[in-house]
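Please look through the sequence and the structure below before reading on. The report that follows begins with a pairing between two chains and then turns to one of these chains by itself.

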Amino acid sequence: MHGLINRSIQCFLRDTYGAAIWAATAREAGLGFDSFETMLTYDATLTDAVIDAAARLLNRSRDSVLEDLGTYLVSHRNAQAVRRLLRFGGVTYADFLHSLEDLPGRARLALPDIDLPVFEVVDHSPTEFALICRSPLAGIGHVLVGLLRAMADDYGVLSLVEHRGLCEGGEVVAIILAETAFSEGRRFDLARSAVAVG
Amino acid sequence: MERRVPPVCLESAALGVLMPMHVVLDPAGRIIACGQTMQKLFGQRSLPGADFFALFDLRRPSGLTGMASLRSRVGQRIYLIARDLPTTGLRGVALPLAGNQGMVLNLSFGIGLIDAVGEHDLTDADFAPTDLAIELLYVVEAKSAVMQELKDLNLRLHGAKVAAEEQALTDTLTGLRNRRALDLALQRALHGGGSFALMHLDLDFFKAVNDTLGHAAGDHVLRCVAEVLSGETRQSDTVARVGGDEFVILLPGLADPTRLMVIAQRIVLRLSEPILYEGRDCVISASIGLAVSSSYEAPTADEMFNDADQALYAAKHAGRGCVRLHAPPITSNMP
């Protein structure tokens, strides 16, 4: 798994639960080092070991840790770059959902060796979507549940997002748009200079 | 007063300059004309005359199976693929022609641009003069070159960091020298030919501190011990932490057992004082075994370490907080 992905999991644990929990997670997972490097590639089993170790230490289910990771990627101030790149997906939340299939390709423009999950978007109607996610990381669908809920808030959309189990070698997430102008949402400008960048 | 703008009419060839990947459909969904890049994707197979919906799979929004449904999505982004070119994802937008004479669709490669350029052998001339596709290719290529450089640099720095850590001579917890530094210093002392002493020190009751007050307390104790050892020795001595609660001090130029015993006993005395940690006393003590180079005909590192260790064992056996000097061979010149 790409260092950037592992590093974002590390930052999520550090920013949410503190440096001591990250240090304990790294020990518990038997990493043999105390920090992931962004530009190195690591064996996928290490990523799994980190998630499992964090779940044990926090006494929470693996699924809920992964869901919080998804929320963190969109809503934490230390992950603003991710939120911005996701907002490039479209003007509306529905556009954004459609653009998810393009996401791995877009990411590869920047990092040719990044292994983002592969998505398949199915629109049953203008308000009902299914997202099939495929990744070596078991539970990737739960990351998407957290991420899609946070993105709905970001767009000011009221939606129902649920993990619907496994299908065709992937995990299925169902999205139902209840109201597309629920709240103001957060402002997004294509030009970065238009917003305060931390 | 509002001025009415007449419909814009363009020859198909002119439209092709603006949009080299457009497709013009008649009201029945048959292709009437297309741009030259669109035609290039299909090679010998001529597009005009073909049924658009047979040639293309309109994947999203769902339900786009004919002209009526396409009309209901006017102006919206559409995701589609040509059935014969499944690896080339396309996106497009459809607009009605004036007078209800059919529709025009403009297509592009979207994110698949880079792969498409390779697969279909596209050149600058295949894109509209206003298209930023070539700029995008340029940015990606320039960025990849820079990225490769950074990646190589990153690997070099990472390798250097690992090597530096291996070669480091310091014990990171206490700031004392580590085993490696001690070995180097001992080699120097042995080769230098002068006399010297080895002091092997082991803490008593340290495990109890760790177990009852936690690792943070244990770490604090080790740092305090390091301060005492540094304070009670000379600048030229090497004070090393060689194990969890094990220390070795190399004292060059010092072979007088009496003086060594005085130093060792002073250290033992200092370390018998309780160490305060977060309002609680940590009580430890230290046992020391000594070996002196002048006890040997030709001292070796292994032999001296071993003998200092034996002396330490004897000190521990004699009760905590004791000092023992390795008993020299029979031909001893000890007083």
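A salt bridge is counted here when a side-chain nitrogen of Lys or Arg lies within 4 Å of a carboxyl oxygen of Asp or Glu. In this predicted model, Asp113(A) and Lys151(B) form such a pair, with their closest N and O atoms 2.6 Å apart. Across the interface of chain B and chain A, the rule finds 5 salt bridges. To this contact chain B contributes 17 residues and chain A contributes 19 residues, and the area buried between the two chains is about 1,600 Å², with 50% of it coming from carbon and sulfur atoms.

Turning to chain B itself, its 335 residues include 42% that are buried, and its secondary structure consists of 11 helices and 13 strands.

| Area | Value | Carbon and sulfur share |
|---|---|---|
| Buried between chain B and chain A | about 1,600 Å² | 50% |

Of the contacts in chain B between residues at least 6 apart in sequence, 55% join residues that are at least 24 apart.

One pair of helices can be followed in detail. In chain B, the axes of helix 8 (residues 206-213) and helix 9 (residues 215-231) come within 6 Å and cross at roughly 145 degrees. Helix 8 of chain B takes part through Phe206(B), Val209(B), Asn210(B) and Leu213(B), while helix 9 of chain B supplies His215(B), Ala217(B), Gly218(B), Val221(B) and Leu222(B). Sorted by class, this contact has 6 nonpolar and 3 polar residues, with no charged residues.

Methods. Residues numbered from 1 in each chain as written. Chains lettered and ligands numbered in written order. Predicted model: local features only at pLDDT ≥ 70, side-chain atom pairs only at ≥ 80, totals over all residues. Heavy atoms only, no water. Axes fitted to C-alpha atoms, helices over the stretch in contact; angles between N-to-C directions. Helix = DSSP H or I, 4+ residues; strand = E, 2+ residues; numbered from the N terminus. Contact = heavy atoms within 4.5 Å. Nonpolar A, V, L, I, M, F, W, Y, C, P; charged D, E, K, R; others polar. Buried < 20%, exposed > 50% of the residue type's maximum accessible area, 1.4 Å probe, protein only. Buried area = accessible area lost by both parts, 1.4 Å probe.
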